[in-house]
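Please keep the sequence and the structure in view while reading.

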Amino acid sequence: MSESRRLFFALPLPTKLQKQVIQWRADSFEAEAGRPVAAANLHLTLAFLGDVSDAKARVLSGIASRITSPTFSLTLDDLGHWPRPGVVWLGTRRAPLALLQLASLLRSHAARNGCYQSTLPFHPHVSLLRGATRPVALPASTPEWQLDANEFSLYESQYHQGRTRYQCLQSWPLVA
Ligand code: 2AM
């Protein structure tokens with residue numbers, strides 16, 4: 001029987017942007033606000049797949065390899081707190097159409113292949129803090145970073161010795 005793995009499609013954050021975000025986060029939030037997401041784990045989820053068999057992962061990665069979506073840039077200029085999942089996030093006030101279309105395409109392929117998709121509207125975000133279930137003092141604004149999306153990736157969420165790691169399995173280019 002094949003093993004299943006917890007997978008999701010996401011946009012990676014370039015290393016330089018990861019460093020800028022974690023420095024700003026360290027300067028902007030109290031230590032008690034929540035658990036900081038590790039720099040290498042910062043990403044913007046496009047479609048969460050859940051526990052997926054190897055066979056299904058192959059099908060979804062084949063579909064991803066045939067996607068021809070355009071490159072786009074988004075400005076990370078929004079910030080919020082969802083107390084119930086306990087997430088403080090970085091987002092965008094103006095999601096580019098190409099981002100919404102790519103996420104919608106991946107989510108519909110995921111649903112067609114039996115991966116449950118939340119009925120909540122897609123809200124593009126980068127989770128910054130977890131376990132943030134109490135009120136959090138948010139800084140008034142963000143530095144408005146630009147994220148140039150040139151590729152999207154398939155990640156595996158691994159949990160080992162109390163730590164979560166998002167391992168990039170494969171990436172596909174967006175079309176310039
Ligand atoms: P989050 O950052 O808002 O928690 C890996 O878990 C990624 O998939 C995270 O970015 C997470 O979003 C996202 N995700 C979406 N739906 C999820 C779900 N039902 N369970 C776990 N992660 C989910």
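The model is predicted, so local features need pLDDT of at least 70, side-chain atom pairs count only at pLDDT 80 or more, and totals for chains, interfaces and linings use all residues. Residues are numbered from 1 along each chain as its sequence is written, and side-chain values use heavy atoms, with hydrogens and water left out.

**The ligand and its shell**

Around the ligand stand Arg6, Phe8, His43, Thr45, Phe48, His125, Ser127, Arg130 and Tyr166; a residue belongs here if one of its heavy atoms lies within 4 Å of the ligand. By class, this shell holds 3 nonpolar, 4 polar and 2 charged residues. In this scheme Ala, Val, Leu, Ile, Met, Phe, Trp, Tyr, Cys and Pro count as nonpolar, Asp, Glu, Lys and Arg as charged, and the others, Gly among them, as polar.

| Residue | Distance to a ligand oxygen atom |
|---|---|
| His125 | 2.6 Å |
| Ser127 | 2.5 Å |
| Arg130 | 2.8 Å |

Taken alone, the ligand exposes 460 Å², of which the protein buries 66%; such areas come from the Shrake-Rupley method with a 1.4 Å probe. Strand E1 (4-12), strand E3 (43-53) and strand E7 (125-130) each give two or more residues to the shell. Strands are DSSP runs of at least two residues, numbered from the N terminus.

**The largest pocket**

The ligand sits in the largest pocket, meaning that more than half of its atoms lie within 2 Å of the pocket's grid points. A pocket is an open set of points on a 1 Å grid over the protein atoms alone where a 1.4 Å probe fits, with protein on both sides within 12 Å along at least five of seven lines; lining residues have an atom within 4 Å of a point. This pocket has a volume of about 840 Å³. Of its 25 lining residues, Thr45, Phe48, Trp82, His125 and Ser127 are the closest to its centre. E3 gives the most to the lining, with 5 residues.

**The second largest pocket**

The second largest pocket holds about 390 Å³ of space. Its lining has 14 residues, and Ala38, Asn41, Gly162, Arg163 and Thr164 lie nearest its centre. E10 supplies the largest share of this lining, 4 residues.

Technical notes: A polar contact is a pair of N or O atoms within 3.5 Å; within protein, one must be able to donate a hydrogen and the other to accept it, and residues adjacent in sequence count only if both atoms are side-chain atoms. Grid points are joined across faces, edges and corners, and a volume is the space filled by probe spheres set on the points.
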